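Reader: I am new to this structure. Can you walk me through a few local features?

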Amino acid sequence: MAVETETGTNGSLVLAVNGERFELPTIDPSTTLLEFLRSHTPFKSVKLSCGEGGCGACVVLLSKYDPVLDKVEDFTISSCLTLLCSINRCSITTSEGLGNSKNGFHPIHKRFSAFHASQCGFCTPGMCVSLFGALVNAEKLNRLEPPPGFSKLTVSEAEEAVAGNLCRCTGYRSIADACKSLAADVDIEDLGLNSFWRKGESKEVKISKLPFYNRDDKFCTFPEFLKKEIRSGIFLDSNKYNWYSPASVEELQSLLKVNDIRKGCENKIVVSNTGMGYYKEVESYDRYIDLKHIPELSILRFDQTGVEIGAAVTISKVIETLKTENKHQFLPTDEIVLNKLANHMEKIASGFIRNTASVGGNLVMAQRKHFPSDIATILLAVGSTVDIMSGYQFERITLEEFLERPPLDFNSILINVKIPNWASIRKVSPENNTTLLFETYRAAPRPLGNALPYLNAAFLAEVSPCKTSEGIMVNHCQLAFGAYGTKHAIRAGRIEEFLKGKLLSDDVLYEAIKLVRTIVVPEDGTAYPAYRSSLAAGFLFEFFSSLIDGGAEITNSFLDGSGSTSLLKHSKPEQKDDQYYQKKVSKMLSSSKQALELSKRHYPVGEPVTKTGAVVQASGEAVYVDDIPSPVNCLHGAFIYSTKPSAWVKSIEINPKSNPGGIAAVLSFKDIPERGENVGAKSVFGTEPLFAEDVTQCAGQRLAFVVADTQKHADRAANCAVVEYGMEDLEPPILSVEEAVKRSSFFDVPPILYPKPVGDISKGMAEADHKIISAEIKLGSQYYFYMESQTALAIPDEDNCIMVYSSIQCPESAQIVIAKCLGIPEHNVRVITRRVGGGFGGKAIRAMPIATACALAAHKLHRPVRMYLNRKTDMIVTGGRHPMKITYTVGFKSDGKITALQLDILINSGFSPDISPVMPHNIFSALKKYNWGALSFDIKVCKTNLTSKSAMRAPGEVQGSFIAEAIIEHVASTLLLEVDSVRNANLHTYDSLKLFYKESAGESLEYTLPLIWDKVAESSSFNQRVQMVNESNRCNKWKKRGISRVPIVHGVLLRPTPGRVSILKDGSVVVEVGGIELGQGLWTKVKQMAAFALGSIQCNGDGDLLDKVRVIQADTLSLIQGGFTAGSTTSESSCEAVRLCCNMLVERLTPLKEKLQEQMGPIKWEMLIFQAHMQAVNLSASSYYAPDMLSTSYLNYGAAVSEVDTHQSKVIGKHVAGKLTMELLIKK
């Protein structure tokens, strides 16, 4: 509910958050909305993840009120980039504001949780707000009334609502299903697994079980008290906040003139501040000037000469206007051009960025900072012009001239951009047989947006039939290329001149493409230079190739984007007035079905129940480490890290000119207690220092820990640290595995972890009909990108004790490291982990230094210390997946049967061992999924001067499986055989499986891979689809399809795990396990096991006990020997530990139950437990599950079929996937 207050009259900054009024008498103008929400309000659902507006974890709904129109505008924004002063008198809605555990959850929350759309949950609140924003705006549309319980959203809009929200652990199918379930046109039968309904129930029953979405229950996004304050006309006091909002160009000129007079006064010109997502700024500014309120910069006007767009107009507003504005004065051709411009803009960033990012800001970044802009490229192709104000002077120049000028000075302002009406200018019309063609292109890691492009392009051409011969003449063309590794987008003038007046032919196009390769040349240091150049050639080829057909004529299919390889017809060119622009790339997800075989035998174990905690994750009430309120006098820390891989550290100082203030201390190895050790992380293979001592061992190694009053000040202080290095008397650093081999720099691998060769390699090679000699594979590293960055909070306690909250997969190990570092007993260190916002192995060893650094600072300064690593620092210091170089020699028969494989593998481990010595074992566990005949290898774990590499999502198994498939495909291509037949020929028999996997192979009946291999082929219609793919490839020259069936063998290794189950007096059950909830559903599985095992006592009328069970956070002083949560086995082990505990409790309760039944008849669970407490029965049981030798390791099998579409002109040198279909079977 909105909180009614008296209207403010002092020009203070006021806004509403979830209906509550917040007034800030003073605030640093650089403060972002996210910083305010997390530090000044109780609402913590808004998360900091990437800090760049690229992930959606910080999304909120912003609502603005127009008192003239009495209208509220609602749109989602990225709060990590939005400056607080820019949203004065606005209203914010977070996920807690939609609903919560106190007031009831919103249907969005309930659907996200029950469709299993939340795992770690860190990203879920942002997704819920993104979907809510789409719901709010859909309800404003003039559409047919949807069925009861549904919204006006369409399925496509529901999916697109979360297009900019990243998730690193949940499959997007479940997220899309949760969104689509609210759409009016949803096919209920297409929705996947959920906990609302069961298989076989009717459509009507399914709909009735969905949480009801009541459209009549209007949600107030803008409270009345804030409307009253806006009507009062009170504006922000500029002098108080150093925030200026000029209302005219004249006011802006006066402000800039004052800046000229006050030399040294730093101004920051802002519209939305989204540029901070790409260009991080560490400097501070004296004044902020907001351009949003200047009419000339906010104009969006159509006339017969074209479209004028004010520089402060948002990209979303431009898209909406170009698509929906009444453009009756435009010819159909111009409408198509505008529609295609809008369509391309939809692929820029994400919706919540486009909602605030301005067109002018994008162009200025491209001109001033060489930002790889899509807008600059597409507007360049249509001959746009810009108006610039410099002081009191105004000038209009072409966009091309603007981009080529020296960087715009900060007293010059881009006023607007003008898109000309091309059809009118060139007099293009069907009557004079001329046609205007326009197309835009973009290749990026994510083709539908939210990723910077490898290359973008836009081509405009005026063409007409040749009067003297058959064919198409190019009368005029404008070709723009950008983002390929150059300073700015360019017009390809030489190609334009070459094509002008020419009759299109194969030879002409060939020469034009040759020119492209000489013009589109990426600068040195650009990633994938050959790929980018080939993309440019491919795009130009795609644009013109369809016009090369003797006597052919142009049809609308080229203009509306619906055409493919046949865009020309032997008929008179025509353009229809009702032409409809179709998007070339569908944003709809492929439909799919899920089929699970469920058994009631061990109910509720195995039931697809809602994940424990999912609904509070959706509402944003789930508490992560950085959500814990800061204790009194809490300090914040940041690492100062090395920029040299091997150098003497002579001194570390904070630059006094850039010092942000608030610094409490700068700690280094010299501040470690006398009895402590310089240790920041450990594994069974060795330790890693917390700080470098005299010499750095890698770039990114921690040198010091700066502690300040806020996280922003700590980060800024670390950024402005000045480290003096020395290079004397040091050997050159080892930066590659090749150099490590030359200098014999290796880590030892324990014999028990080094794989054993299989068979006789010499004999196998002798039996081969063919050989591939010394082929190479190079695999790079990979960053974790958990949504929650590394974080910890350390609180000093009495008697030289310390309590540390850590986002870590192994709290026990952090406890040991902290105790060693501080020189105190382990019982003085308490590490608590409730949940982790994504781990993937990166929150195991790599999380220990964060917890240890905070503990050291808290111990020394006697104050709480916390740290939340910014994403850049996290990426630099954390390491990631192991890069490696593989050289293989393989022998094989003519039918594809492999007889021998010899491998030489060099693993880049970085400067400390971490878990690297286990990599050889893991690689070969996955690689042995095929029968290689004989297998021999030489593996070296290389020590280099790089950051330590660590466990990451199937460490070693991913690389091993990739190596295996690369070799299989190499053999198939050498023999010109279908790769599936080579895979099939090399699948294991049970005998060969025993030879390669020894005892892990189990019994013959357990080897189910051949059955799965055949079953996945049958369920996916694999053989029929192979024929269809081959036929499609035969008929299509440029569009190609591929289909693949791949097996997997995963070796499972169980670890010992503790557990404790306690039954409280009211019958509720509390469970502790060593495993950590990372989003994998460990708590849910443990709850199910506890309910199943305790249910065996069979009390009367209780049903299952699932709702009575709660799993609590890991606490190293409560439950010891917790070990690591890793390897996809901790849930299994934890469940067994809990089952053993429950069996003890059932054994203790059974005699009492039987006695009570004799006296009282049937007895309920609550009565049994009450009586047990009264009779002093021990209702707490602990266990330590240690698997026996027979169950310690076993094999899991799986197989998948995937099909991919590609376009040849866009995949030269790099794969770009179009459509993907998949069939998956996994069996234990």
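Author: Let us start with a loop. This is a predicted model. Proline 604 sits in the loop that runs between strand E19 (568–569) and helix H22 (614–619).

Reader: Which residue does a cis peptide bond join to proline 604, and what is omega there?

Author: The partner is tyrosine 603. The bond between tyrosine 603 and proline 604 is cis, with omega at about 5°.

Reader: Where is alanine 349, and is alanine 349 buried, partly exposed or exposed?

Author: Alanine 349 lies in the loop between helix H12 (332–345) and helix H13 (351–354). Its phi is positive, near 50°, and alanine 349 is not a glycine. The relative accessible area of alanine 349 is 25%, so the residue counts as partly exposed.

Reader: Is leucine 976 buried or exposed?

Author: Leucine 976 is in the loop between helix H30 (957–975) and helix H31 (979–985). Phi is positive here, about 55°, in a residue that is not a glycine. Exposed means over 50% relative accessible area. Leucine 976 has 76%, so it is exposed.

Reader: How do the axes of H26 and H27 cross: parallel, perpendicular or oblique?

Author: The axes of helix H26 (residues 811–822) and helix H27 (residues 848–861) come within 9 Å and cross at roughly 40°. That angle makes H26 oblique to H27.

Technical notes. Residues are numbered from 1 along each chain as its sequence is written. This is a predicted model: local features need pLDDT of at least 70, side-chain atom pairs count only at pLDDT 80 or more; totals for chains, interfaces and linings use all residues. Side-chain values use heavy atoms; hydrogens and water are left out. Axes are lines fitted to C-alpha atoms, for helices over the stretch in contact, and angles run from 0 to 180 degrees between N-to-C directions. Helices (H or I, at least four residues) and strands (E, at least two) are DSSP runs, numbered from the N terminus. Angles under 35 degrees count as roughly parallel, over 145 as roughly antiparallel, 65 to 115 as roughly perpendicular and the rest as oblique. Buried means under 20% relative accessible area, exposed over 50%, partly exposed in between (1.4 Å probe, protein chains only).
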